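Dear colleague,

I am handing over a structure that you have not worked with before, and I would be grateful if you could look through it with the notes below at your side.

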Amino acid sequence: MNVDVLLGLQWGDEGKGKVVDVLTPEYEVVARFQGGPNAGHTIEFDGKKFVLHTIPSGIFNRDTVNLIGNGVIIDPAILEREIKKLNESDIDVSSNLFVSRKAHLILPSHRLLDAASENAKGKGKIGSTLKGIGPTYTDKVSREGLRVGDICASDFKDRFQSLKEKHLQLVKLFGFDYKNHLIDGIDYEAYEQQWMESLTQLNALQHVDSEYYINKMLRQGKKILAEGAQGTLLDIDFGSYPFVTSSNTTIAGVCSGLGLAPNKIGKVFGIFKAYCTRVGSGPFPTELLDETGENMRQKGREFGSTTGRARRCGWLDLPALEYAIMLNGVTELIMMKADVLDELSEIKVATAYRMDGNLIDYVPFEACTKVQDPVYEVLPGWNQPMPEPNSGQSIPEAFEKYIRYIEHKVNVPISMVSTGPDRTQTWFR
Ligand code: GDP
Ligand code: IMO
Ligand code: MG
């Protein structure tokens, strides 16, 4: 038995949460392997809507174990709020949520540092979610971070204090007035107090050595799904650096973020929107700054699940999609949100870029420094509302042609298509 993986092929928000939830009944374990509460994964069913930031999207199935792997970074205060929201809907996580002892903690002062650093960047800011992601992964790599397993250590408070003091020095160097900065609506001191109190909740969860845990599950023949956060084009190595997040969002992150050997990887589900979105700064060659882009934003409700920011919208970018498929070894594609294009009589797809007067069909190193003018192919739209999967109707012919066109271009089958936010609005091909 191998571990299947689902990851985003664009700039995040492809609809990973929805699809993981749809696939969960087939799996006994769902595991997050990287990222932190910068993620916002939306799940809708029975008229209810949930947004998860740290907890895997398999949590709505009582029989599925949900594991937060060592590669994930955790803000205990955000996690506590997340658990509270689930509890309000009678979803209990005490028996099926497991946390790696090696997962790093996002301290309140990491969030200050994130804000101070973004503030100092001025026009060059990344557009971070300000959840402390960059500073926490920085401390992990510089071997100064605190981990879930450290909370019970007798010197935890001292280590917390000395890391915090280092952060405050840096914040001062940035000239950042942290006393007047609010974190999730409250001042630093109040947030720190909330954070400390939330450690009780984190401690009450089941802590595991997740690398042993997941490999044991695998030996027992359990079906496991790894759930990515963010997307390939935000990967620290392969994304549009520096406008990226601070983790490996691509397939390699599964191995390092869960303790899995590469030969344990099974199917790789690559998920993408029928168009493209991006939230935050950075290059976006097919971005539409016109009415068509605005219509996509409104119809697709393209506003950040974590920050509420408007997402930038544009046409599907095939060179970028092929790049993501190559990097991840995608075996099956899942296309999301085609319903958002319902009212269009024609749909454009970028098949190459023009850069420095040359035609290129790959993602160049200069992605952030040179203009890439997309070269488009134009396809007919279906220009009719998408039927519901259980209506007995089939999908519009022009939509089927759009699917086949992409399959043909990238040479990977599209095995699922999503045409609405609800669980039920999913077609299996
Ligand atoms: P994730 O971060 O990849 O899990 O994606 P998000 O939850 O941040 O963003 C996807 C948004 O699109 C959410 O609001 C979903 O409810 C919604 N969504 C997912 N699939 C579809 C779909 O096929 N059609 C439409 N219209 N909305 C969808
Ligand atoms: P999910 O899992 C979309 C973006 C931010 C910013 C950049 C760096 O919901 O798909 P960070 O907070 O990581 O330092 O921000 O990455 N970003 C996301 N964009 N979806 C996400 O997650 C994202 N997580 C981070 O907007 O541009
Ligand atoms: Mg999201």
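A polar contact here is a pair of N or O atoms within 3.5 Å, where within protein one must be able to donate a hydrogen and the other to accept it, and residues adjacent in sequence count only if both atoms are side-chain atoms. Please keep in mind that this is a predicted model, in which local features need pLDDT of at least 70 and side-chain atom pairs count only at pLDDT 80 or more, while totals for chains, interfaces and linings use all residues. Residues are numbered from 1 along each chain as its sequence is written, chains are lettered from A and ligands numbered from 1 in the order in which they are written, and side-chain values use heavy atoms, with hydrogens and water left out.

I begin with the ligands. Around ligand 1 there are 20 residues, of which Lys 16, Thr 42, Ser 305, Asp 339 and Ser 418 come nearest; a residue is counted as near if one of its heavy atoms lies within 4 Å of the molecule or strand in question. A polar side-chain atom of Asp 339 lies 2.7 Å from a nitrogen atom of ligand 1, whereas Ser 305 places a polar side-chain atom 2.7 Å from an oxygen atom of this ligand. A polar backbone atom of Gly 17 is 2.9 Å from an oxygen atom of ligand 1. Taken alone, ligand 1 exposes 580 Å², and the protein buries 96% of that, with accessible areas taken from the Shrake-Rupley method with a 1.4 Å probe and, for residues, only the protein chains shown counting as cover.

Ligand 2 has 21 residues around it, and Asp 13, Lys 16, His 41, Thr 129 and Thr 245 come nearest. An N or O atom in the side chain of Thr 129 is 2.6 Å from an oxygen atom of ligand 2, and a polar side-chain atom of Lys 16 lies 2.7 Å from an oxygen atom of ligand 2. For Ser 128, the distance from a polar side-chain atom to an oxygen atom of ligand 2 is 3.4 Å. Taken alone, ligand 2 exposes 550 Å², of which the protein buries 97%.

The magnesium ion is ligand 3, and its protein donors are Asp 13 (OD) and Gly 40 (O), lying 2.0 to 2.2 Å from it. The pair links distant parts of the chain, 27 residues apart, with Asp 13 in the loop between strand E1 (3–8) and helix H1 (16–23) and Gly 40 in the loop between strand E2 (29–32) and E3. Donors are N, O and S atoms within 2.8 Å of the metal (3.2 Å for Na, K and Ca), and water is not among the atoms, so sites may look incomplete. Helices (H or I, at least four residues) and strands (E, at least two) are DSSP runs, numbered from the N terminus. Asp 13 is partly exposed, with a relative accessible area of 21%, while Gly 40 is buried at 10%; buried means under 20% relative accessible area, exposed over 50%, and partly exposed in between (1.4 Å probe, protein chains only).

Next come the strands. Four of the five residues of strand E3 (residues 41–45) are buried, so E3 is largely enclosed by the rest of the structure. E3 is joined by five bridges to strand E4 (residues 48–52), and the two run antiparallel; strands pair if DSSP finds at least two bridges between them. Glu 44 stands opposite Lys 49 in E4, and in the hairpin of E3 and E4, which has two residues between the strands, Asp 46 takes a positive phi near 50°.

Strand E13 (residues 265–273) is mostly covered, with seven of its nine residues buried. E13 pairs in the parallel sense with E1 over five bridges, and Leu 7 stands opposite Gly 270 in E13. Five bridges also pair E13 with strand E17 (residues 332–336) in the parallel sense, where Ile 334 is the bridge partner of Ile 271.

Lastly, Asp 317 is found in strand E16 (residues 316–317) and is buried, with a relative accessible area of 3%. The side chain of Asp 317 reaches the backbone nitrogen of Ala 320 at 3.1 Å.

With kind regards
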